[in-house]
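This report goes through one chain, heading by heading. The sequence and the coordinates are shown below.

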Amino acid sequence: MSRKKVSNSQVRGIARKRMEVLVRMSEREALAGNMDRAKRYMTLARRISIRNKTPMPDRALYCRSCSVPLIPGLNCRVRLRDRRISVHCLECDTIKRRPYLREIKERRACHRGQ
Ligand SMILES: [Zn+2]
């Protein structure tokens, strides 16, 4: 017996759909206050992402160290400082920083155009 061949792009499509479902469920549980369940769903989504080499859905904002879905105003603090966006996870006190240079450049280009 041989296994049915499934192409890589098909696998990614299935993985993406399942990840989206898990991310949505995770956010819903976080809003309902079930943080453990929210973490579990996000962990499962991240596992699918690693196993199938598929990036996480774009809108999924999660903590890299504790896998909790980050919802501003509920369990994370978002600040702009030194040209970086910092997202502070209030569950495990991790701070994730990312520069927003692209946005600055875009705004400059905008001003020049006027
Ligand atoms: Zn965290």
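## Basis and definitions

Two strands are taken to pair if DSSP finds at least two bridges between them. Helices (H or I, at least four residues) and strands (E, at least two) are DSSP runs, numbered from the N terminus.

The model is predicted: local features need pLDDT of at least 70, side-chain atom pairs count only at pLDDT 80 or more, and totals for chains, interfaces and linings use all residues. Residues are numbered from 1 along each chain as its sequence is written, and side-chain values use heavy atoms, with hydrogens and water left out.

## Overall fold

The chain holds three helices and three strands, arranged along the sequence as α-α-β-β-β-α. Its radius of gyration (taken over C-alpha atoms) is 18 Å, well over the 13 Å that the globule rule gives for 114 residues, so the chain is more spread out than a compact globule. That rule is 2.2 Å times the number of residues to the power 0.38. The C-alpha trace spans about 65 × 40 × 20 Å along its principal axes.

Buried means under 20% relative accessible area, exposed over 50%, and partly exposed in between, with a 1.4 Å probe and protein chains only. By this cut-off, 31% of the 114 residues count as buried. A contact means heavy atoms within 4.5 Å. Of the contacts with a separation of 6 or more, 41% come from residues 24 or more positions apart.

Three strands form an open sheet in the order 1-2-3, with antiparallel pairing. Strand 1 (76–81) and strand 3 (95–99) stand at the edges; each has a single partner strand, so one side of each is left without a neighbour in the sheet. Neighbouring strands are turned by 20 degrees against each other on average, direction ignored; the axes behind this angle are lines fitted to C-alpha atoms, for helices over the stretch in contact, and angles run from 0 to 180 degrees between N-to-C directions.

Strand 1 is joined to strand 2 (residues 84–89) by six bridges, and Arg77 has His88 in strand 2 as its bridge partner. Five bridges link strand 2 to strand 3, again antiparallel. Here Arg84 is partnered by Pro99 of strand 3. The hairpin of strand 2 and strand 3 has five residues between the strands, and Asp93 in that hairpin takes a positive phi near 65 degrees.

## The zinc site

Cys63, Cys66, Cys89 and Cys92 coordinate the zinc ion through their SG atoms at 2.2 to 2.4 Å. Donors are N, O and S atoms within 2.8 Å of the metal (3.2 Å for Na, K and Ca); water is not among the atoms, so sites may look incomplete. In sequence the donor residues are spaced C-x2-C-x22-C-x2-C.

The four donor atoms subtend angles of 104 to 113 degrees, which makes the arrangement tetrahedral. Four donors count as tetrahedral if all angles lie between 85 and 135 degrees. Cys89 is buried at 1% relative accessible area, whereas Cys92 is partly exposed at 30%.

Ala15 lies in helix 1 (residues 8–32) and is buried, with a relative accessible area of 4%. Leaving aside residues up to four places away in sequence, Ala15 touches Ile48, Asn52 and Thr54.

Arg64 sits in the loop between helix 2 (35–51) and strand 1 and is exposed, at 63% relative accessible area. From Arg64 to Lys96 the C-alpha distance is 8.4 Å, and the two are 32 residues apart in sequence.

Definitions and conventions: Four donors count as tetrahedral if all angles lie between 85 and 135 degrees; four count as square planar and six as octahedral if opposite donors are over 155 degrees apart and all others between 65 and 115; anything else is irregular.
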